[in-house]
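Q: I have a model on my screen and want to learn how to read it. Can you take me through its features one by one?

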Amino acid sequence: MKRIDRGQPRSRRLFLRLGIASVGAAVLSACDRLSHNDRFVDILQSAQNLSYRMQKLVVGRKALAQEFSEADIAPSFRSNGTELPNSQQYRDLAKDNFSSWALEVGGLVEKPIRLSLADLKAMPSRTQITRHDCVEGWSAIGKWKGVPLHQLLALVNPLPEARYVVFRCADPMEDAEEQDAGDMQPAVDSTYYESVDMDDAYHAQTILAYELNGAPLPIMNGAPLRLRVERQLGYKHAKYLMKIELVKDFGTLRGGKGGYWEDQGYEWYAGI
Ligand SMILES: Nc1nc2c(c(=O)[nH]1)N[C@H]1C(S)=C(S)[C@@H](COP(=O)(O)O)O[C@H]1N2
Ligand SMILES: [Mo]
């Protein structure tokens, strides 16, 4: 079983990195010897592949991430990455408590839609207490409430050729000051984005969260809406959602790797 941890750095990171969490400690104790073995090094270098295939074939992509009890919730859930999107558009939306914010859902779907926060809150919800694991070496347990992504997909009806769900966020990662200087569209879109495949899109614990620990989602944690994709690492959990787009591949998106951090070399499939 996974150990409960409230915000401390974790040695479990190594397991996460190698993508062999469920293989167990025996593998690690053998690591010293095996690190001199070229074949074993090859195996580790295909860790992403291993992790993806292990979840799909051995554990099953539908398996649930561990859920915790109220007593396990961290006293405070820290923020990481963007804490306040640096854009005039976002500041305007935040000013009136996101009442003029709307989530666009489009791309390869039969019926594109726009949903306000009130629309989303009126939909069936799921509440889950889960542990967030960041690659930077911290974890925290929080209680999330939101709309299961499958509920939203049922409204738009994805076309058969849709293979990935892309999440577009409000926060520019570069040149934000320059972009704010004028009303012009930024020359380069540097906003955070992420993507998941249809297995994760329809996973029971994949939700669009608007509450953390019983309160409206704080700005530092992604207000008004953020993705929770509990079988994967922290950077997959896109905050400040603006738009959801179904696509058949991500070759044409920005760096072509399916996410902001992926474009800088992180793994696209960050299974825990
Ligand atoms: N839009 C956006 N989403 C994001 C990030 C970000 O910088 N911008 N950081 C990611 C990372 S690395 C982590 S660990 C989590 C942090 O979530 P938190 O701020 O609620 O702790 O959000 C992820 N989603
Ligand atoms: Mo992270």
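A: Start with the polar contact: a pair of N or O atoms within 3.5 Å; within protein, one must be able to donate a hydrogen and the other to accept it, and residues adjacent in sequence count only if both atoms are side-chain atoms. Here, a polar side-chain atom of asparagine 221 lies 2.8 Å from an oxygen atom of ligand 1. The side chain of arginine 226 also places an N or O atom 3.0 Å from an oxygen atom of ligand 1. The backbone takes part too: an N or O atom of histidine 237 is 3.0 Å from a nitrogen atom of ligand 1.

Q: What kind of model is this, and how is it numbered?
A: This is a predicted model: local features need pLDDT of at least 70, side-chain atom pairs count only at pLDDT 80 or more, and totals for chains, interfaces and linings use all residues. Residues are numbered from 1 along each chain as its sequence is written, chains are lettered from A and ligands numbered from 1 in the order in which they are written, and side-chain values use heavy atoms, with hydrogens and water left out.

Q: How much of ligand 1 does the protein bury?
A: Accessible areas come from the Shrake-Rupley method with a 1.4 Å probe; for residues, only the protein chains shown count as cover. Taken alone, ligand 1 exposes 540 Å², and the protein buries 98% of that.

Q: Which residues come nearest to ligand 1?
A: A residue is near a molecule or strand if one of its heavy atoms lies within 4 Å of it. There are 21 residues around ligand 1, and the nearest are Arg78, Asn80, Asp171, Asn221 and Lys239. The shell holds nine nonpolar, eight polar and four charged residues. In that count, Ala, Val, Leu, Ile, Met, Phe, Trp, Tyr, Cys and Pro are nonpolar, Asp, Glu, Lys and Arg are charged, and the others, Gly among them, are polar.

Q: How are strands defined, and how do I tell that two of them pair?
A: Helices (H or I, at least four residues) and strands (E, at least two) are DSSP runs, numbered from the N terminus. Two strands pair if DSSP finds at least two bridges between them. Take β1 (residues 102-107) and β2 (residues 113-116): they run antiparallel, joined by four bridges. A hairpin of five residues links β1 to β2. Glutamate 104 stands opposite arginine 114 in β2.

Q: Which way does β1 run against β10?
A: β1 and β10 run parallel, with four bridges between them. Valine 105 has isoleucine 244 in β10 as its bridge partner. β5 also pairs with β10, in the antiparallel sense, over six bridges. There, arginine 168 is bridged to lysine 243 in β10.

Q: Is β10 enclosed or open?
A: Buried means under 20% relative accessible area, exposed over 50%, partly exposed in between (1.4 Å probe, protein chains only). Six of the seven residues of β10 are buried, so β10 is largely enclosed by the rest of the structure. Look next at tyrosine 164 in strand β5. Tyrosine 164 is buried, at 14% relative accessible area. Lysine 248 is 84 residues away from tyrosine 164 in sequence, but the C-alpha atoms are 6.2 Å apart.

Q: What does the side chain of glutamate 194 contact?
A: Glutamate 194 sits in strand β6 (residues 191-197). Glutamate 194 counts as buried, at 0% relative accessibility. The side chain of glutamate 194 makes a polar contact of 2.9 Å with the side chain of lysine 236.

Q: Where is the cis peptide bond?
A: The bond from alanine 223 to proline 224 is cis, with omega near 5°. Proline 224 is in the loop between β8 (215-216) and β9 (226-228).

Q: How many disulfides are there?
A: A disulfide is a pair of cysteine sulfur atoms within 2.5 Å. A search of the whole structure finds zero. Cysteine 134 is buried, at 8% relative accessible area, and cysteine 169 is buried, at 5%.
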